[in-house]
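Good morning, and thank you for making time for this presentation. Please have the sequence and the structure open while I speak.

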Amino acid sequence: MNCDRCGGEAVITVRYSGAHLCAPHFSSFVEKRVKREIRRQLRLTGNTRIACSLSGGKDSSVATRLMHDVLGKRRDVELVAVTVDEGIAGYRPSSISFAERMCRELGLEHRIITYKELVGWEMDDVVQADPETIPCSYCGVFRRKALNTLARLVEADYLSTGLNLDDTVQSFLMNLGRADVDRLARMGPHESVQPGLVPRVQPLRTVPEKEVYLYALLNGIPFDDGTCPYAERAMRTKYREVLYTLEHASPGTRHAMLSTYDSLKPSLLDQHPPAKLSECERCGEPTRSEFCQSCKLIEQLETPAPRPS
Ligand code: SF4
Ligand code: ZN
């Protein structure tokens, strides 16, 4: 199979467009979309500090590398990598060493925060204390808090994440499935700034997961290919399967869903404007109620279950 653009050997058939692309043309196809998203999502006025969320997995490694390639030479932009250590043995330590390696290679400042120092619990201990739980329902809440805390700590104006097209559309469907319209309206990228919350940018939001993976391989981007031992139990896994089936039967479905979300977002924000935030009475993080979601979960974990009478 030959590349449609140069006749060289194709490395991929992009099913949703029908294009056959060689390695260089595939890479520029990815980079073009990422550059467009970076231009669209960032307001670069004056000196801007951007925290790049970097776990060491493929998505965040590709996102960090592309942010560095696109913005690294600008004098008015400073990038710093931030990593969250959830405390998952046999999974996170190895990916952190990939993140450290990338930061050394790119000359990026690197900050790490652990759940242990943030909320006093490692994920492995949470799972032991609450074995029936879906671990991601704790982990997702803690991660949001960890990234926001870290981004504020490094005085970032933006927090860039590695969310790809599949992740974004899965979140769209999951919020639909839970009828969580508020959260649907609050999905990133964020155009307005709320006090205490660092707005998120998502450079890979139009790039499918498989293309992120191929881009990393073709461009020699080191990443950890491990899978979280708790991922199996995640609701997201079920949405991933559904989406995979739909995309396979009708290529282009994910892009259509993303563009549906983008068209709906202004009306969603009109109907569900961001709530006024106050500071959590326990930890000071921005919250819509007395305590933030993370502190509520910790309270739950630390309250002994009532004994049967
Ligand atoms: Fe956390 Fe779930 Fe992701 Fe594992 S799969 S790192 S538990 S959110
Ligand atoms: Zn709190």
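Predicted model: local features only at pLDDT ≥ 70, side-chain atom pairs only at ≥ 80, totals over all residues.

The shell around ligand 1 comprises six nonpolar residues, no polar residues and one charged residue. The residues surrounding ligand 1 are I88, C136, C139, R143, C228, Y230 and A231.

C280 belongs to the loop between strand 8 (278–279) and strand 9 (286–287), while C295 belongs to helix 12 (residues 293–302), so the pair ties together parts that are 15 residues apart in sequence. Both C280 and C295 are buried.

For reference, the ideal angle for four tetrahedral donors is 109.5 degrees.

Let me now move to the aromatic residues. The count comes to four aromatic pairs. In one of them, the ring centres of Y138 and F142 are 6.1 Å apart and the planes stand at 55 degrees, so this pair is tilted. Y138 and F142 are four residues apart in helix 6, which separates them by about one helical turn. Is Y138 buried or exposed? With a relative accessible area of 3%, Y138 is buried; F142, at 0% relative accessibility, counts as buried as well.

A further aromatic pair is formed by Y213 and F223; this one is edge-to-face, with 5.7 Å from centre to centre and 70 degrees between the planes. Y213 sits in helix 9 (residues 209–218) and F223 in the loop between helix 9 and helix 10 (235–249), so the pair ties together parts that are 10 residues apart in sequence. Y213 counts as partly exposed, at 33% relative accessibility, whereas F223, at 13%, counts as buried.

Elsewhere, a charged residue meets a ring: R33 lies over the face of F29, at 3.7 Å from the ring centre.

I close with the backbone. As a general point, most residues other than glycine have a negative phi, and most peptide bonds are trans.

Which peptide bond is cis? The bond from G188 to P189 is cis, with omega near 0 degrees. P189 is placed in the loop between helix 8 (181–186) and strand 7 (200–201).

The other two places concern phi. E155 is a residue other than glycine, yet its phi is positive, near 60 degrees. E155 lies in the loop that runs between helix 6 (135–153) and strand 6 (158–160), and at 63% relative accessibility E155 counts as exposed. A179, likewise not a glycine, has a positive phi of about 55 degrees. The loop between helix 7 (165–177) and helix 8 holds A179, and with a relative accessible area of 60%, A179 is exposed.

That concludes my presentation, and I welcome your questions.

Notes. Residues numbered from 1 in each chain as written. Chains lettered and ligands numbered in written order. Heavy atoms only, no water. Buried < 20%, exposed > 50% of the residue type's maximum accessible area, 1.4 Å probe, protein only. Near = heavy atom within 4 Å. Nonpolar A, V, L, I, M, F, W, Y, C, P; charged D, E, K, R; others polar. Phe/Tyr/Trp six-rings, centres within 6.5 Å; stacked < 30°, edge-to-face > 60°. Lys NZ or Arg CZ within 6 Å of the ring centre and 35° of its normal.
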